[in-house]
Amino acid sequence: MKSEQNEQALLKGLASNDSRAIETIYKDNFSMVQAFVLNNNGSYDDARDVFQEAMIALYEKAQSESFVLTCQIKTYVYSICRRLWLKKLQQLGRFSNQVDNLDETIPVEEDMEIHEKRNAEFAIMDRAMKSLGEPCKSLLEGYYLKKKGMQELAAEFGYTNADNAKNQKYKCLMRLKKLFFSQYNIGD
Amino acid sequence: MDDIQLLASIESYLAGEMSPIEVAVFEALRKKTPEIDQMVVEHKLFQHQMEDYAATYNIKHTLHEVHTRLLENGDVNEGGELTAKAQVVQLWNRYKRVTAIAASVGGVIALVISGLVAYFSPVVNGNQIQQLSKDIEIIKRNQQYQGSLINEVKSKIPNGVTVISGGSGFLIDAKGFIITNAHVLKGTAAIVVDSKGKEYKAIIVHIDTKKDLAILKIDDEDFTPLKSLPYSIGKTNADLGDEIFTLGYPRNDIVYGVGYLASKTGFNGDSLSYQIQISANPGNSGGPVLNNNGEVIGVLSTRQAQADGVAFAVKSKNIFECVAEAKADDPSLENLKISVRSTIKGTSRKQQINKVADCVYNVKAFSKK
């Protein structure tokens, strides 16, 4: 019971991007995933990528209000990682049948679909941001990612006042939106 | 400029920063102009996307930080960045099970092998005692070394046979009866070579593996029997500290060695033999051990492998027993008479050696195919 509460607390921490909670989950689960990937034709880098992606999937899931944990974090992370790695292996054409299947897994196909969709959206936004150029990129990053106030950004980027910065921000935002919607289909 | 103002309005409308009046105005505008309505919906979606992007971006950032920190603290290991110690620990952790299995398999195999070795190896003496017969490699080497002797060796050893073992032997009867160790005669026949390099064919008359003694008879037309032997074969036990000497063929040349009687019993209290302190090598087996009086007190047979200079000799009275048994087996040996009179007593060691050397033979045993 206690461990269940613990896990809930950890997931809450994860959802609010609390680095201590993330560190705990990381410590508890990473070596298991690393061993799995290493034992199945993967490298240390592969293990890190797979694990971090699973963490992001868990994070996305934990963020949604309707989220209920139906299994242990360990099982969930392992299931996602297994799925991700098998897919990667298949893509690389080095699929081997010897994949370790002793640990408990749960079906994660649905979550994977959601995660993949978000991954694609992330990639579109990322591309749009990167093709934006300076100072727009840094300005918007400061505003949307680092959640800085207009006053602070104005000082940082050398605008005479916050309104000027705001104006500049809107100009950049319009360009970003254009770039984003050229790739993103609303109908999807 | 218009677009920017519109965007600003939409943003503050969506953020709920507008006053109720402004909201009413804006909503009226939105209803009237479908383009603006469209823009609001679009911007809402975009904002949602941006939030997701920001969240994912930040969690990725945190994950990266956590990973780096854990890596630095050693809670997480990655091949390339490991210190040597951590690497060993990680390798150990990874191969612990395999290592354990390998170790137990190795252990079992070691046990089985040592068990088999113990089962099949001779029971007595084990490897602590080394028989002093020469094996074939040593003989081969000596033959190369003693190039001049090779032709003669070839002439007497029948074609198509291999020399298996060799050692020393000495006459106990001037008519050509030679005593040597049983372990020297691994084959079925032998030739003997005297100190001048002359070879004679010999037949095996009797073998007593218990006493480790064997009797050979020179059966060769070239052999001219001696009138008498210079030494006698002792019937009584020798005394501790008696100075002794031996002659033998650890090489193809006769080699002299000197020492003393160290114990009246042999290895592990074996009462059939003496322990003597003498430098002995493979090939010395079967050589005579004589005291100062020119009396053979034993037949040099083995040495202790781990100790330097510790050798063992079969007591000479066993020769009498061995000859008696041989006579009982084969009546034709009636005329075998063991030398009992020493003619070299009281002469100088040099003269003793000179005389004795004529009666000590290099024994080469071979087997017929």
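**Starting from one phenylalanine**

A: Phe366(B) lies in strand 15 of chain B, which covers residues 360-367. Keep in mind as you look around that this is a predicted model. Is Phe366(B) buried or exposed? It's buried, because 22 other C-beta atoms sit within 10 Å and 20 or more is enough to count as buried. Now look for Ala190(B): it is 176 residues away from Phe366(B) along the chain, yet their C-alpha atoms are separated by 5.8 Å.

Of the contacts in chain B with a separation of 6 or more, 67% join residues 24 or more positions apart. Chain B has 369 residues, and 32% of them are buried. As for its secondary structure, chain B has eight helices and 15 strands.

Another spot in chain B worth a visit is Glu295(B), in strand 13 (residues 295-304). Glu295(B) has 23 other C-beta atoms within 10 Å, so it counts as buried too. Leaving out residues up to four places away in sequence, Glu295(B) touches Tyr231(B), Ser232(B), Gly234(B), Leu290(B) and Ser342(B).

Now follow chain B across to its partner. The contact between the chains takes 27 residues from chain A and 26 from chain B. On the chain A side, the elements giving two or more residues are helix 2 (19-39), helix 3, helix 5 (109-130), helix 6 (136-145) and helix 8 (162-183). Helix 8 of chain A gives the most, with seven residues. Sorted by class, the side of chain A that touches chain B has 16 nonpolar, four polar and seven charged residues.

Helix 8 makes a handy way into chain A. The axes of helix 5 and helix 8 of chain A come within 9 Å and cross at roughly 140°, which makes helix 5 of chain A oblique to helix 8 of chain A. Helix 5 of chain A passes helix 8 of chain A in a right-handed crossing. Helix 5 of chain A brings Ile124(A), Met125(A), Arg127(A), Ala128(A) and Met129(A) to this contact, while helix 8 of chain A brings Leu176(A), Leu179(A), Phe180(A) and Gln183(A). By class, the contact of helix 5 with helix 8 of chain A has seven nonpolar residues, one polar and one charged.

Helix 3 of chain A (residues 44-63) has a packing partner as well. Helix 3 and helix 4 of chain A pack at an angle of about 125°, with their axes 9 Å apart, and these two are therefore oblique to each other. Helix 3 of chain A passes helix 4 of chain A in a right-handed crossing. From helix 3 of chain A, the contact uses Val50(A), Phe51(A), Glu53(A), Ala54(A), Ala57(A) and Leu58(A); from helix 4 of chain A, it uses Tyr76(A), Val77(A), Ile80(A), Cys81(A), Leu84(A) and Trp85(A). That contact of helix 3 with helix 4 of chain A has eleven nonpolar, no polar and one charged residues.

Stay with helix 4 of chain A for a moment. At 1.5 Å a residue, its 20 residues (73-92) should span 28 Å, and the end C-alpha atoms are 28 Å apart, which agrees. Its buried residues include Ile73(A), Tyr78(A), Ser79(A), Arg82(A) and Arg83(A). Just after helix 4 of chain A comes Gly93(A), with a positive phi of about 75°.

Asn17(A), in the loop between helix 1 (2-15) and helix 2 of chain A, has a phi near 55°. With 16 C-beta neighbours inside 10 Å, Asn17(A) counts as partly exposed. Lys147(A) has a positive phi of about 55° without being a glycine, and is found in the loop between helix 6 and helix 7 (150-157) of chain A. Is Lys147(A) buried or exposed? It's exposed, because it has 9 other C-beta atoms within 10 Å and 12 or fewer counts as exposed.

You'll find Pro135(A) in the loop between helix 5 and helix 6 of chain A.

Technical notes: Residues numbered from 1 in each chain as written. Chains lettered and ligands numbered in written order. Predicted model: local features only at pLDDT ≥ 70, side-chain atom pairs only at ≥ 80, totals over all residues. Helix = DSSP H or I, 4+ residues; strand = E, 2+ residues; numbered from the N terminus. Expected span 1.5 Å × (residues − 1). Axes fitted to C-alpha atoms, helices over the stretch in contact; angles between N-to-C directions. Parallel < 35°, antiparallel > 145°, perpendicular 65-115°, else oblique. Left-handed = near helix turned anticlockwise from the far one by under 90°. Contact = placed C-beta atoms within 7 Å. Nonpolar A, V, L, I, M, F, W, Y, C, P; charged D, E, K, R; others polar.
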